[in-house]
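The sequence and structure come first.

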Amino acid sequence: MPHKGKSLTRRDFIRGTLGATVGTSLIGTKWLKASGNAAGSSLVAVVRDKGAMDASNNVNPSVLKTMLDQTLIKLTGKDSTKDAWLSLVKPIDTIGLVPTPHLNPTHQEVVDAVKSSLIEAGIPENKILNAQGGPDKPKACTALIGLPALKAHWLTGIGTVMKLYILYSGRPSNYHDENNAKLGEIWNLPFVKDKTRLVLVDALHPLYDKGPQVNPMYKWAYNGLIAGTDPVAVDTVSLRIITGKRKELKGEPWPLSPPPLCVEAADKVYGLGTSNWDNIKLEISGWKEGLLLG
Amino acid sequence: MNSQSRDNTLKHYSTQPKLFFVVCFCLLFFLFISAMPSKTGGKMQESKPTLPKTVGLWTRPDAPQLVTAENIFDYMDGAGELYIGYRFDHLESYEYKAQTQENILVEVYFMKTSDDAFGLLSLDWGGEPIEFAGEPGDFAKSRKANSAAENSSWPRALYGEGLLRLWSDTIYARIMASQETTESKEAVLALGRSIVKERRNPPAPSLLKKLPDSFPANWILSKDEASYFRSHLVLNSIYYLGQENMLDLDLSSEAVTARYERKDSKGKKRIRFLLVRYPDNQIAHQAFAYFHKVYLPEHSLPLQSGSSGEMSNVFHIEDGWLGYKFQGNTIAFIFECPDQETARTIIDQT
């Protein structure tokens, strides 16, 4: 067992020295690290509607469309959904939609709603592709819209935004073990970097434990969409909801195990956005019960 | 040809058929013997469960989707690491379909040992214990009564909101209805019965017997948080120790972990017990030394004591007192103890 230099342990996590240790432990990826960390605050919109799903967890497409419209307007500050989209993407873009493909996948209704909304905004249908898959997918796109589903993950703590592009690495199993904190480096690959225009999290029916294989006992109807242009901020808000639900159920803190190192590393090592709650501005709309963002 | 040589010739040809039959008999005898189970511990050829073609409103395809260690990541991405972390053989997956209801997915994981199938079930004790074939279903009672961690009190099947998970000898199975209805629940349970039918019920892993019901003073085992595993990834999903495989866990090792709770005037406290058993003393010692180097770099490895080479110590670290005992081919740990005395008392008892 050759010792590989400083290794992240539980003790680093408890000491609060994770940020420094994450940086020094993630060797060999210098060219994929950020030249500077993201600065300033990041806006994340959270829109919920109690009627987004019925009692059998079937999605109501018309309610979902209204939620999507509200999310885009809240996030961009524009007056219409069309203007909101056109502030994020252009008709000349080839836009890749990137959903979570399986094991608590993104609802097809969410993907369809986004696609329809883009078309209504004037994006040609043939310029909207499904971009989930191997490296050839993002290479064919000039813009990416992440559509991950909200779920806990047994390998990474949370398996939502940062894990979304794992297949773009061409070697996803490399990120299953001690390298799972390095997921952020995939976002800095040359054919991925700076293409993500929006991350919209499907938080309609999240999974709060034992993911990614689904155990229905650990899902609940949050009926929400979470969106932002800062993927780390969006993942941080998503994480807060998951941990909030866990705490609500147990009546005490119930931390994810393993801790979601990939989120903090995405901030502190790869400069993809902010994981600092104080630097995240929330724009919340709709159903307030069970918000979990107090 | 003279008469004697003719007689010899006749004898030769007359014994040929007899020899032929003797050889055939011996061959058949040896084939029969080799097909029988060995009395010295070899595994009986197990019968593979037969899933019904139709159950209630649902029908399955003729053949399953076969998933091996080579393509498990294609099937389930990172979730595959969970099964690879145990002694996984292969998975057979069926999707049952019905015209008027959502699908039922049946995943039958063939593991190499019953211990590994149990281990997968032990990662989540949530759900309603289900009794098949007249087995005792008193898990809930035994958990409440904190009775001894006997093999018979571990549930073999758990159901909740459309998902049935079960352990049946070397099989771990997940049977999940996309949408739970009265009909789908009946079908899911019927499929579970068909899997466990006429299969053996070996006991739970012997290492579980090393989990005492309690430690002094008044630390009570949380049985619904006891797990059996072999992989550091699984350990981290239960109790995060670190990114590296600092305990050098692999398929040749085995481990159990559980939480113990104590309630006092200051509220509820919890400690974590972990026991790892390695194939031999040398591997155990190497793992112990490496753990020390990675997790306790500021402390020196203790000297071995006694003829057994036992090493034990307690340390105060960020989240409380940690104690360990290395002995033979096992290492026991106790984490997050509130004080030195607790850590020392517990580790001395292991």
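## Model and confidence

Chain B has an average pLDDT of 86, and 79% of its residues score at least 70. In residues 9-13 of chain B the pLDDT falls below 50, and this stretch makes one contact in the model beyond near neighbours in sequence. Residues 37-45 of chain B also have a pLDDT below 50; beyond near neighbours in sequence, that stretch has four contacts in the model.

The model is predicted. For the complex, the predictor reports an ipTM of 0.91 and a pTM of 0.87.

## Extent of the interface

The size of an interface is often expressed as the accessible area lost when the parts come together. Between them, chain B and chain A bury about 3700 Å², with 55% of this area on carbon and sulfur atoms. On the side of chain B, the residues that lose the most area to chain A are B:Tyr240, B:Gln243 and B:Glu318, which together account for 21% of what that side buries. The contact involves 37 residues of chain A and 49 residues of chain B.

## Polar contacts and contributing elements

Chain B and chain A share 23 residue pairs in polar contact, counting pairs with both residues at pLDDT 80 or more. Several elements of chain B give two or more residues to the side that touches chain A. The helices in this group are H2 (72-76), H3 (80-84), H7 (232-238) and H8 (281-295) of chain B. The strands are S5 (104-111), S8 (163-168) and S9 (171-177) of chain B.

H8(B) gives the most to this side, with six residues. By residue class, the side of chain B that touches chain A consists of 24 nonpolar, 10 polar and 15 charged residues.

## Salt bridges

Over all chains, the count is 25 salt bridges. Between chain B and chain A there are six salt bridges. A:Arg11 takes part in a salt bridge with B:Glu318, at 2.7 Å from N to O. B:Glu318 is also among the three residues of chain B that lose the most area to chain A.

The side chain of A:Arg11 also meets that of B:Glu298 in a salt bridge, at 2.6 Å from N to O. This pair joins two chains, because B:Glu298 lies in the loop between H8 and S14 of chain B, while A:Arg11 lies in helix H1 (residues 10-15) of chain A.

## Surroundings of A:Ser257

A:Ser257 sits in the loop between helix H8 (231-250) and helix H9 (261-268) of chain A. Leaving out residues up to four places away in sequence, A:Ser257 touches A:Trp154 in chain A, and B:Asn236, B:Ser237, B:Ile238, B:Tyr239 and B:Tyr240 in chain B.

The side chain of A:Ser257 has a polar atom 2.5 Å from the backbone oxygen of B:Asn236. The A:Ser257 side chain also reaches the backbone nitrogen of B:Tyr240, at 3.2 Å.

## A sheet in chain B

Strands of a sheet pair through backbone hydrogen bonds, in either a parallel or an antiparallel manner. Chain B contains an open sheet of seven strands with antiparallel pairing, in the order S10-S11-S12-S13-S16-S15-S14. Its edge strands are S10 (214-215) and S14 (311-317) of chain B, each of which pairs on one side only.

Within chain B, strand S11 (residues 219-229) and strand S12 (residues 254-264) run antiparallel and are joined by six bridges. B:Phe229 has B:Ala255 as its bridge partner in S12(B).

Notes: Residues numbered from 1 in each chain as written. Chains lettered and ligands numbered in written order. Heavy atoms only, no water. Contact = heavy atoms within 4.5 Å. Buried area = accessible area lost by both parts, 1.4 Å probe. Salt bridge = Lys/Arg side-chain N within 4 Å of Asp/Glu carboxyl O. Polar contact = N/O pair within 3.5 Å; in protein donor to acceptor, adjacent residues only side chain to side chain. Helix = DSSP H or I, 4+ residues; strand = E, 2+ residues; numbered from the N terminus. Nonpolar A, V, L, I, M, F, W, Y, C, P; charged D, E, K, R; others polar. pLDDT = per-residue confidence, 0-100. Pairing = 2+ DSSP bridges.
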